[in-house]
Amino acid sequence: MSYAEAESLSKKFAAIEVQSQTRRTQKPASVLITEGELNSYLNLTYAPQLPGITDMDIRIDADRIGARGLIDLERVRGKVPAPSPWSPLAFLRGKVPVELKGRLLTRDGFGT
């Protein structure tokens, strides 16, 4: 993870934005985004916009995507609906690891 990789992705996003507004009739150029750039950008540049979420790690394989991170429950508690007093979530404190896995479907340069 590095600030250079985060800056590289920021520049790619800016170029994509310019391209989307100026070349509506041409086929868009391919843009290679590495896991290092994505993870650096999320952790070093975008993190202030995600309060309470830290240590993000995104992994992209041929047809799978995975994300890991830590959620500080104290920082996000006021940003989500309050759980019932009887909910087990009401008793959790501190930072908890979260892991998401999913299937990545790609076609014509787009992923879903």
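Which residues form a nonpolar patch on the surface? The legends below, which describe a predicted model, begin with this patch.

**Figure 1. A nonpolar patch on the surface is formed by Phe13, Ile16, Val31 and Ile33.** Together, these four residues have about 280 Å² of accessible area. One of them, Phe13, lies in helix H1. Phe13 counts as partly exposed because its relative accessibility is 35%, a value between the 20% that limits buried residues and the 50% above which a residue is exposed.

**Figure 2. Phe13 and Tyr41 form an edge-to-face aromatic pair.** The structure holds two aromatic pairs, and this view presents one of them, formed by Phe13 and Tyr41. The ring centres are 5.2 Å apart, and the planes make an angle of 80°. The angle counts as edge-to-face because it is over 60 degrees. Tyr41 is buried, since its relative accessible area is 16%, whereas Phe13 is partly exposed at 35%.

**Figure 3. Tyr41 and Tyr46 form a stacked aromatic pair.** The centres of these two rings are 6.2 Å apart, with 15° between the planes. The pair counts as stacked because the angle is under 30 degrees. Tyr46 is partly exposed, with a relative accessibility of 29%. Through ring pairs, Phe13, Tyr41 and Tyr46 are linked into a cluster.

**Figure 4. Asp72 is buried and has no salt bridge.** This residue is found in strand S2, which spans residues 64-72. The nearest side chain of opposite charge is that of Lys95, at 5.1 Å. Leaving aside residues up to four places away in sequence, Asp72 touches Gly52, Gly94 and Lys95.

**Figure 5. Leu32 is an exposed residue in the loop between H1 and H2.** Its relative accessibility is 64%, and Leu32 therefore counts as exposed, the limit being over 50%. Leu32 touches Lys12 and Glu37, when residues up to four places away in sequence are not counted. Leu32 and Leu9 are 23 residues apart in sequence, and their C-alpha atoms are 9.5 Å apart in space.

Notes. Residues numbered from 1 in each chain as written. Predicted model: local features only at pLDDT ≥ 70, side-chain atom pairs only at ≥ 80, totals over all residues. Heavy atoms only, no water. Phe/Tyr/Trp six-rings, centres within 6.5 Å; stacked < 30°, edge-to-face > 60°. Buried < 20%, exposed > 50% of the residue type's maximum accessible area, 1.4 Å probe, protein only. Patch = residues over 30% accessible without salt bridge, like charges linked within 9 Å, V, L, I, M, F, W, Y side chains within 5 Å. Areas by Shrake-Rupley, 256 points an atom, 1.4 Å probe, with all protein chains shown as cover. Helix = DSSP H or I, 4+ residues; strand = E, 2+ residues; numbered from the N terminus. Lys, Arg positive; Asp, Glu negative; His and termini not counted. Contact = heavy atoms within 4.5 Å.
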